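Please find below a colleague's note on the structure.

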Amino acid sequence: MESYWVDTTTRPSFSKLDRDIDVDVCIIGAGITGIMSAYMLKDSGLKICLIEKGEICSGVTENTTAKVTSQHGLIYRYLEDSFGTEFARKYLQSNEEAINMIEDIVQKESIECEFQRTDNYIYTCTDEYVQKIKDEVETVNKIGLNAEQIDKINLPFEIKTGIKFPNQAKFHPLKYLYKIVEILKNNNVEIYTNSIIKDIEKEGTGYILKTEEYNVKSKYVVMATHYPIKSFPGLHFLKMYQDRSYAIAIEPHAKITPGMYISAESPVASFRPINDELLIIGGEDHKTGDNSKDLKICYKSLETYAKEIYPSMKVKYRWATQDCVSLDKVPYIGEFSNLMPNIYIATGYKKWGMTTSHVAAKIIRDKILDIDNEYEKIYRATRMAPIKNHEEFGNMLKQTVYSLGINKIKMPKYKYEDLEKDSGGVVEYEGEKMGIYKDKDGKIYAVKPYCKHLGCELSWNNLEKTWDCPCHGSRYDYTGKLISEPATEDLDRYE
């Protein structure tokens with residue numbers, strides 16, 4: 001299930017870290033945030049290394065829809081009501097500047113990445129969201145963008161109303177980033193892949209970053225790892241959850257009109273043309289680790305919906321992604337903790353990482369180089385303000401208590417013998433809990449079903465054949481090999 005972006009590019013390869021190194025800045029994570037942070041610092045005179053646990057851009061970055069927009073859902077009236085008009089204005093300005101920054105980089109570096117300006121729309125097909133969209137239009141125009149309320153969109157269905165953000169953009173993210181990586185190599189940025197940072201320890205005025213075999217000594221550390229790999233003392237696991245969503249790229253066999261679209265209501269439906277022949281349709285969101293429904297229906301549901309709109313359509317690609325969502329809906333960018341100076345994070349993008357990654361890269365660069373940044377305070381990563389999303393905070397606590405406590409002492413209702421071929425789950429085997437996957441040939445893969453992050457009991461993902469953490473979103477393949485953070489180790493296996 002490769003994305004279109006992966007299928008239409010060739011990933012550059014790099015070597016594993018094979019010795020101890022000493023640098024000024026160590027950036028953990030070679031997705032869009034890590035790569036752009038290195039790019040922003042490349043002319044600083046600092047010695048920089050970029051370390052990735054897998055291959056570059058092999059996580060969330062390769063599975064985006066690549067909408068380059070400041071329209072992050074119906075966010076601006078919420079920001080104004082929650083934090084004030086000036087806060088909402090700065091959030092908008094920072095992301096609008098990020099769009100311009102990307103365009104400037106594309107032109108300066110002569111990057112052929114299909115960058116194109118286009119309009120972005122949020123629409124609703126229900127009466128419930130009509131007033132919310134009217135409120136959003138009012139706020140957005142007040143804080144500085146010429147938004148427009150519209151009654152029609154260029155998709156083959158009727159809407160109640162919508163909001164148009166003009167002059168947004170789209171591009172091919174991997175073509176863009178692979179060119180940036182080439183520029184980093186030419187500027188002596190050291191890049192290492194398939195090297196997992198297991199821990200970060202303070203030493204003198206800097207830090208030691210430990211892999212399984214070698215260490216990196218660095219004054220500054222940037223955790224561009226999607227979700228921070230260090231839990232304490234930042235405590236971001238108390239303020240954020242992870243969410244999975246799905247996308248298909250189709251040949252609609254109908255005219256593809258310009259513009260990018262997303263629904264205001266749930267279930268969310270997202271539309272984004274790639275070119276004149278392919279259209280991305282996304283949706284089917286759910287909290288990572290939520291196995292309350294059969295995940296095998298996610299792609300089928302998207303395909304059924306697509307066929308209702310485009311009866312002759314053909315599916316060409318399918319992929320899934322995962323996003324961090326902060327409880328107050330604002331990303332965490334900047335200092336990780338006041339107790340660990342010179343460590344920086346960027347997380348909680350809420351599915352809008354194309355612009356936010358560039359906002360983050362600039363803020364982090366300015367922090368390291370001691371330059372004032374007017375947007376630093378609104379994204380402050382050390383904030384501990386009252387949680388705005390009381391309902392989701394309560395759900396997070398409930399899930400954590402269940403997975404760390406109640407579920408651990410509760411024996412599963414299924415036994416090992418109940419598993420059919422090509423299925424998995426937490427089962428009882430000789431009085432012990434095991435995570436078992438039985439492949440199509442009946443071969444058994446057994447793991448201890450407890451996340452290596454904070455020990456929550458894992459859920460079986462029957463669509464992607466993975467073990468997913470319902471507390472903080474770590475994921476492992478069916479053999480127990482780590483896929484995504486915050487965990488930094490593979491699961492314990494039974495031979």
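1. Two strands are taken to pair if DSSP finds at least two bridges between them. Helices (H or I, at least four residues) and strands (E, at least two) are DSSP runs, numbered from the N terminus. The model is predicted: local features need pLDDT of at least 70, side-chain atom pairs count only at pLDDT 80 or more, and totals for chains, interfaces and linings use all residues. Residues are numbered from 1 along each chain as its sequence is written, and side-chain values use heavy atoms, with hydrogens and water left out.

2. Strand 6 covers residues 161-170 and is mostly covered, eight of its 10 residues being buried (buried means under 20% relative accessible area, exposed over 50%, and partly exposed in between, with a 1.4 Å probe and protein chains only). Strand 5 (residues 148-150) runs antiparallel to strand 6 and is joined to it by three bridges; here Ile 150 has Gly 162 as its bridge partner.

3. Strand 6 also pairs with strand 4 (residues 116-124), antiparallel, through eight bridges. Strand 3 (residues 67-68) is joined to strand 6 by two bridges, again antiparallel. Lys 170 of strand 6 is the bridge partner of Gln 116, and Lys 170 is likewise the bridge partner of Lys 67.

4. An open sheet with antiparallel pairing contains four strands in the order 18-19-20-25. Its edges are strand 18 (423-429) and strand 25 (493-494); each has a single partner strand, so one side of each is left without a neighbour in the sheet. Seven bridges connect strand 18 with strand 19 (residues 432-438) in the antiparallel sense, and Gly 424 stands opposite Tyr 437 in strand 19.

5. A further open sheet of four strands, also antiparallel in its pairing, has the order 21-22-23-24. Strand 21 (459-461) and strand 24 (482-484) are the edge strands, pairing on one side only. On average, neighbouring strands of this sheet are turned by 35 degrees against each other, direction ignored (axes are lines fitted to C-alpha atoms, for helices over the stretch in contact, and angles run from 0 to 180 degrees between N-to-C directions). Strand 21 is joined to the antiparallel strand 22 (residues 466-468) by three bridges, with Asn 461 opposite Thr 466.

6. How many salt bridges does the structure hold? There are 35, a salt bridge being a side-chain nitrogen of Lys or Arg within 4 Å of a carboxyl oxygen of Asp or Glu. Arg 77 and Asp 135 form one of these, at 3.9 Å from N to O. Arg 77 lies in helix 3 and Asp 135 in helix 5 (residues 130-143), so the pair ties together parts that are 58 residues apart in sequence. Asp 135 is partly exposed, at 22% relative accessibility.

7. Lys 179 and Glu 182 form a salt bridge whose closest N and O atoms are 3.7 Å apart. Both residues lie in helix 6 (residues 173-186), three residues apart, about one turn of the helix. Glu 182 is partly exposed at 40% relative accessibility, and Lys 179 is partly exposed at 27%.

8. Asp 422 and Lys 465 also meet in a salt bridge, at 3.9 Å from N to O. The pair links distant parts of the chain, 43 residues apart: Asp 422 is in the loop between helix 9 (390-409) and strand 18, and Lys 465 in the loop between strand 21 and strand 22. Asp 422 is partly exposed, with a relative accessible area of 23%, whereas Lys 465 is buried at 18%.
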